[in-house]
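Please keep the sequence and the 3D view at hand.

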Amino acid sequence: MSGPLLSGRLLRYVGTGGTAAVVDIGLFACLVRAGLIVPLAACLSFAMAAVVNYWLTSRFVFGHRRSVAGFAQFLAAALIGLAINVSVTTLAAALLPIPPVVAKLIGVGVAFGANFLLNALIVFRPRTR
């Protein structure tokens with residue numbers, strides 16, 4: 001993947017990932033406010049954001065048709081991101097004197113980079129014939 005292609009995709013991924021992050025953080029805030037514990041709220045909000053992210057990323061970032069198989073691959077990569085996101089969120093909330101939503105922002109940021117690399121290099125890599 002060349003530099004300009006990679007940077008164009010990264011820029012579009014910022015937009016689609018940003019949209020998914022709004023879903024993730026907004027739902028997380030609602031769930032915590034409703035009384036869910038931080039790890040469960042982080043898992044549920046991340047799962048909803050993963051669906052939104054696949055829907056947008058497959059089309060607008062990588063130009064792939066959406067499919068069940070494609071979503072399964074995307075979800076497998078997202079689970080790695082989920083582990084990173086929830087771990088960082090939980091640790092930050094437990095160890096730092098910050099509100100849970102700020103901890104979630106940190107978790108989302110760390111997971112963002114990992115998810116982009118997994119998507120660009122594995123899930124949506126160009127298929128050779």
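A salt bridge here is a side-chain nitrogen of Lys or Arg within 4 Å of a carboxyl oxygen of Asp or Glu. The model you are looking at is predicted, and by that criterion the structure holds 1 salt bridge.

**The charged pair**

Which side chains form the salt bridge? They are those of Lys104 and Asp24, which meet at 3.1 Å, N to O. Lys104 belongs to helix α4 and Asp24 to helix α1 (residues 3–33), so the pair ties together parts that are 80 residues apart in sequence. Are the two partners buried or exposed? Both Lys104 and Asp24 are buried.

Leaving out residues up to four places away in sequence, Val108 touches Ala21, Asp24, Ile25 and Asn85. With a relative accessible area of 15%, Val108 is buried, because buried means under 20%.

**How α2 and α3 pack**

Two packed helices are described by the angle between their axes and the distance between the axes. For helix α2 (residues 38–61) and α3, the angle is about 145° and the axes are 9 Å apart. The crossing of α2 past α3 is right-handed. On the α2 side, the residues in contact include Phe46, Ala50, Asn53, Tyr54 and Thr57; on the α3 side, they include Phe74, Ala78, Leu82, Asn85 and Val86.

Asn53 sits in helix α2 and counts as buried, at 11% relative accessibility. Setting aside neighbours within four places in sequence, its contacts are Tyr13, Thr16, Gly17, Ala20, Ser58 and Phe74.

**Tyr13 and its surroundings**

Tyr13, one of those contacts of Asn53, is found in helix α1. What does its relative accessibility of 1% make it? Tyr13 counts as buried. Beyond the four places on either side in sequence, Tyr13 touches Gly18, Asn53, Thr57, Val61, Phe112, Asn115, Phe116 and Asn119.

| Pair | Separation in sequence | C-alpha distance |
|---|---|---|
| Tyr13 and Asn115 | 102 residues | 9.9 Å |
| Val102 and Ile25 | 77 residues | 9.5 Å |
| Val108 and Phe46 | 62 residues | 9.0 Å |

**The nonpolar surface**

Which residues make the nonpolar surface patch? Leu91, Leu95, Leu96, Val101, Val102, Leu105, Ile106 and Val110 do, and the patch covers about 660 Å². Helices α3 (68–95) and α4 (100–123) each supply at least two of its residues, and α4 gives the most, with 5 residues.

Leu95 lies in helix α3 and is exposed, with a relative accessible area of 66%. Val102 lies in helix α4 and counts as partly exposed, at 34% relative accessibility. Why do these two fall into separate classes? Exposed means over 50% relative accessible area and buried means under 20%, with partly exposed in between, so 66% places Leu95 among the exposed residues and 34% places Val102 among the partly exposed ones.

Key. Residues are numbered from 1 along each chain as its sequence is written. This is a predicted model: local features need pLDDT of at least 70, side-chain atom pairs count only at pLDDT 80 or more; totals for chains, interfaces and linings use all residues. Side-chain values use heavy atoms; hydrogens and water are left out. Patches are made of residues with over 30% relative accessible area and no salt bridge: like charges are joined within 9 Å, nonpolar side chains (Val, Leu, Ile, Met, Phe, Trp, Tyr) within 5 Å. Accessible areas come from the Shrake-Rupley method with a 1.4 Å probe; for residues, only the protein chains shown count as cover. Helices (H or I, at least four residues) and strands (E, at least two) are DSSP runs, numbered from the N terminus. Buried means under 20% relative accessible area, exposed over 50%, partly exposed in between (1.4 Å probe, protein chains only). Axes are lines fitted to C-alpha atoms, for helices over the stretch in contact, and angles run from 0 to 180 degrees between N-to-C directions. A crossing is left-handed if the near helix is turned anticlockwise from the far one by less than a right angle, and right-handed if clockwise. Contact means heavy atoms within 4.5 Å.
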